[in-house]
Amino acid sequence: MAQQDAAPDGGGLHDIVSAVSRGAPEYRQCPHPMYAALRERDPVCRLTPPHGIDTYLITRHDDARDALSDPRFSKNMHGAIDTYHAVYGSFFDALDDNVLFSDPPRHTRLRRVLRSAFTPRRVERMRPRITEIAEDILGECRRAGTVDLMASFAFPLPIAVLCELMGIPQEDRPEILQQFAVVTRSRFDPSRKAELKAAEERLQHRLERLIADTRAHPSDSFLSDLLQGDEQLADPELVASLWVLFFAGHKTTAYQIGNSVLNLLLRPDQAALLREDPALIPRAVEEMLRFEGSVETSTFRYAAQDAEIRGTRIPEGSLVQIAISAANRDPEKFDRPDELDVTREGLQGTHLGFGHGTHYCLGAPLARLELEIALATLLREFPDMELADARETGKAWLKGPVPAFRGLEHLRIVLEPFRPDADPGEASLASVASGR
């Protein structure tokens, strides 16, 4: 393959592969031009990331969809534990021994049990409560005027929803959430290894206590249903399941809220369409997941045997990284893939924002509902919201060598900008109507 092809930024293919391998700032800030070049020139690309494990990055939609359900690419962390630790660090394996990092038949059993208590009907029953939570959080935001939407709304909403889902009592939430925060903050920082080990052990014990309390005092929560189901998980499996549902379920949704709001504010015509016709919001959510999803690349997979994709040999033991963000902008699959179009139809089941196959996101119905409610509530309550500083926002994307998430570190928004040409009487009436 020619190494001197011009990249979108003027560099060659070798420079692009190098930037992606090391997680260069220019790649993390805007990966899409580099993904476009790789799709065209090196769709199954061999990377040399800092952890030293040969990694093959898959960027085309059809290859990505196939790879997500290819049994040759294992997710069982115990089958390659040294590789797992090289990539993610020496974490507390008891928490990571969960449905996300397992293969059939164990994965099939864990998923079947979790899904039995995590039904679309249960999720839909939560709609009024999630709406109430969103409105309450935004009521607090209104008092501030200018907010970091990530800290003030995007993260608190899914965290509160997950606490409700799991049946965590209000008085226990500060302690449990603080322990979750310490673990997630320390996980990718080698200097906090001792802090991480202690925090993960405390979190394990606290979740064990939550399980015991729920078993003694059943409720209508997801966890209570798990404990009363026909097929039971062992307590260590329950602890690991609660951990992964919380970790994956709050970060992915929070970052997706931020991505969606940012892209709407950068495209006022698209936001206007949703304000004028809120019935478009479910369709818009699918487009947001395609256009700027919060899951940039797939989680841990390795080749359990030699495999070949598009003429490229992937040796046994290599890591396989599937670029969801690249696949979702593949022009061979989507018309005008680099345009955000909230009226786009037929996306559900075609974009890979929630994965594909055996490991399709268990929490997809809840995530969709949260995203719909978050966007609908924001657009209704703050129709004139605007970016506090568009230049600052362009530098706020997550950094680091492992592009697991695509999201913003912060998103400063003026919720109710002052309009000097607004009619004072209309403004007063609006304030009375909204209770301000």
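The model examined here is predicted.

Two packed helices are described by the angle between their axes and the distance between the axes. For helix α11 (residues 156-166) and helix α15 (residues 235-265), the angle is about 150° and the axes lie 8 Å apart. Because angles over 145 degrees count as roughly antiparallel, α11 is roughly antiparallel to α15. The crossing of α11 past α15 is right-handed.

From α11 come Leu157, Pro158, Ile159, Leu162, Cys163 and Met166. These meet Leu242, Leu245, Phe246, Gly249, His250, Thr253, Ala254 and Ile257 of α15. Sorted by class, the contact of α11 with α15 comprises eleven nonpolar and three polar residues, with no charged residues. Gly counts among the polar residues in this division, so Gly249 of α15 falls in that class.

The structure holds one cavity of 30 Å³ or more, and the space in the largest cavity is about 30 Å³. Its lining is formed by Val261, Leu264, Leu265, Leu375, Leu378, Leu379 and Met385. Two or more of the lining residues are contributed by each of α15 and α19 (364-381). By class, the lining of the largest cavity has seven nonpolar residues, with no polar and no charged ones.

Conventions:
Residues are numbered from 1 along each chain as its sequence is written. This is a predicted model: local features need pLDDT of at least 70, side-chain atom pairs count only at pLDDT 80 or more; totals for chains, interfaces and linings use all residues. Side-chain values use heavy atoms; hydrogens and water are left out. Axes are lines fitted to C-alpha atoms, for helices over the stretch in contact, and angles run from 0 to 180 degrees between N-to-C directions. Helices (H or I, at least four residues) and strands (E, at least two) are DSSP runs, numbered from the N terminus. Angles under 35 degrees count as roughly parallel, over 145 as roughly antiparallel, 65 to 115 as roughly perpendicular and the rest as oblique. A crossing is left-handed if the near helix is turned anticlockwise from the far one by less than a right angle, and right-handed if clockwise. Contact means heavy atoms within 4.5 Å. On a 1 Å grid over the protein atoms alone, a cavity is a set of points where a 1.4 Å probe fits but cannot get out, and a pocket is an open set with protein on both sides within 12 Å along at least five of seven lines; lining residues have an atom within 4 Å of a point. Grid points are joined across faces, edges and corners, and a volume is the space filled by probe spheres set on the points.
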